[in-house]
Amino acid sequence: MCGIVGLFAKSATVEERLGVHLAAMLEQMSDRGPDSAGVAVYRDPAPYGSSKLTLFSSDTREPWDEVGGALEQAFGGACKPRVRASHAVFVVEAEATEAEQWVRANRPDLRVMSAGTVIEIYKETGLPHEFVQQFGLSELTGTHALGHTRMATESRVTTAGSHPFSTGLDLCLVHNGSLSNHNRLRQTLRREGIEFQTENDTEVAAGYLAWRMREGASLEVALEGCLDDLDGFYTFAVGTADGFAVLRDPIACKPAVLAETGEWVAMGSEWRAISVLPGATDAETWEPEPGVVYVWEKAAV
Amino acid sequence: MAAVPAEEVAVEVVDLEKISLRELNQRLHNLAHAPGPSAWRVVNPDGAHAVACGIDVDVEVAIEGHVGYYCAGMNKRATVRVHGNAGPGVAENMMSGQVLVDGNASQSAGATGRGGLLVVRGDASARCGISMKGIDIVVGGSVGHLSAFMAQRGCLVVCGDAGEALGDSIYEARLYIRGEVAELGADCVEKEVRAEHREQLGGLLEAAGIDADPADFRRYGSARKLYNFTIDNAGAY
């Protein structure tokens with residue numbers, strides 16, 4: 001099963017309450033995914049020339065200040081951690097890829113959940129309600145966000161196996177369904193230099209998108225490539241720095257509902273998830289067509 | 001003049017924000033054994049699953065809002081009207097009665113239905129009427145791919161278009177489509193529309209309250225070539 005939600009704010013009011021809405025949507029999807037929950041929130045851009053990392057530690061007493069200190073030594077500037085449960089966000093005075101490489105080289109025990117300038121990813125095992133409380137999700141403001149509640153079918157229930165999967169800078173993917181050609185595709189992508197951290201099928205889809213976009217494809221073209229190269233069932237929601245995209249496989253067994261008002265665009269596995277948003281009753285509501293890529297993006301400033 | 005007891009004419013209003021879905025369905029099921037209100041109004045469904053499922057009595061239920069999976073599933077005798085959209089499997093395995101959806105229905109609407117009438121005024125998505133076994137389905141808009149897959153009996157009427165693989169592996173159901181058919185499924189063919197078909201179609205459109213001319217529809221059904229295993233085809237597997 002699994003539940004997916006996405007919310008894209010079209011007004012400052014919704015941006016300010018993004019976390020509140022996201023938490024409500026996520027909790028509505030508890031029945032679809034009681035194993036673990038996760039979100040990607042696009043918010044609080046790092047200043048020009050710096051980048052943002054979300055790191056996870058399995059050690060509940062991780063001395064995050066020391067990690068910040070080490071990052072300051074490496075890159076200069078002030079690098080104070082913003083800690084949420086088992087995760088911490090750092091703004092680093094370096095390019096995102098450079099900062100990410102430093103963590104992998106110097107702190108391999110930590111896991112980079114996301115890297116970029118606006119993305120923050122939080123995910124953990126347990127019920128969505130517990131996750132929302134632990135991570136203080138309701139406090140978060142932001143421009144847009146994706147969320148996932150997991151009922152595991154393909155691999156173990158772990159923090160690392162939870163969604164969203166980051167697929168590159170400021171990119172992430174959540175998935176409802178299961179892929180059947182992920183082992184073979186993982187081998188192919190590894191040869192192309194894409195790194196994988198789990199045996200999870202969704203991570204392969206994320207890696208596929210990262211690879212296609214690295215080779216020059218736009219998000220839309222990369223997603224269309226999924227229709228040819230991925231075998232299995234999926235409804236995907238993909239987050240980018242500017243917006244999000246939705247794709248269902250051509251067989252379309254996995255559900256999805258889209259809705260839009262003057263204030264927001266929302267995506268959910270079911271209407272239940274969207275019904276908690278303000279003005280939902282009057283929203284324009286439809287089911288995305290199978291095999292069609294839907295994209296919403298912030299207008300370029 | 002004798003006063004009519006209020007409880008017999010009043011509409012029973014049930015707010016799903018205040019009572020549980022299980023309680024609503026139990027109260028509707030109890031009507032089969034003990035008299036109760038004959039008209040119900042359900043408010044704040046908010047996408048709940050299995051609303052008004054398994055009713056077995058003559059009763060009218062109006063649902064004000066969108067519902068989730070399996071609304072009015074296994075319905076017998078009741079009339080259930082959804083003033084909104086319905087999630088997957090609306091009226092699945094319906095036995096008799098009517099289920100009316102004012103908006104759109106998600107996939108597998110009327111799946112395996114054995115009788116009664118399902119009306120979707122908007123669009124129905126993939127697999128509408130999959131394995132239908134006697135239910136009649138009238139869709140005001142279009143249907144998605146694999147509609148009437150392995151349909152055995154009953155009619156599927158579509159005022160708009162039909163998606164790919166319409167009527168794949170169909171048995172004896174009748175498909176009436178007004179718009180374009182993206183592609184016919186295996187063993188599904190276009191058939192002649194005779195007077196008896198126009199009459200049947202006219203009756204269904206009227207019952208559904210949809211204003212359309214039966215003369216504008218084409219009929220599709222089984223070529224009856226997949227009924228039995230043909231040894232000559234063994235090499236194809």
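**Figure 1. Confidence of the predicted model of chain A.** The mean pLDDT of chain A is 94, with 99% of its residues at 70 or more; pLDDT is the predictor's confidence in each residue, from 0 to 100. Confidence in chain A is lowest in strand 9 (residues 165-168), at a mean of 86, and highest in helix 2 (residues 18-28), at 98. Helices (H or I, at least four residues) and strands (E, at least two) are DSSP runs, numbered from the N terminus. In this predicted model, local features need pLDDT of at least 70, and side-chain atom pairs count only at pLDDT 80 or more. Residues are numbered from 1 along each chain as its sequence is written, and side-chain values use heavy atoms, without hydrogens and water.

**Figure 2. Packing of helix 6 and helix 7 of chain A.** Helix 6 (residues 182-191) and helix 7 (residues 201-214) of chain A pack at an angle of about 40°, with their axes 9 Å apart; axes are lines fitted to C-alpha atoms, for helices over the stretch in contact, and angles run from 0 to 180 degrees between N-to-C directions. Helix 6 of chain A is therefore oblique to helix 7 of chain A, as angles under 35 degrees count as roughly parallel, over 145 as roughly antiparallel, 65 to 115 as roughly perpendicular and the rest as oblique.

Figure 3. Val39(A) is buried, at a relative accessible area of 0% (buried: under 20%; exposed: over 50%; partly exposed: in between; 1.4 Å probe, protein chains only). Beyond neighbours within four places in sequence, Val39(A) has contacts (heavy atoms within 4.5 Å) with residues including Leu22(A), Leu26(A), Tyr122(A), Phe131(A) and Gly147(A).

Terms used: Chains lettered and ligands numbered in written order.
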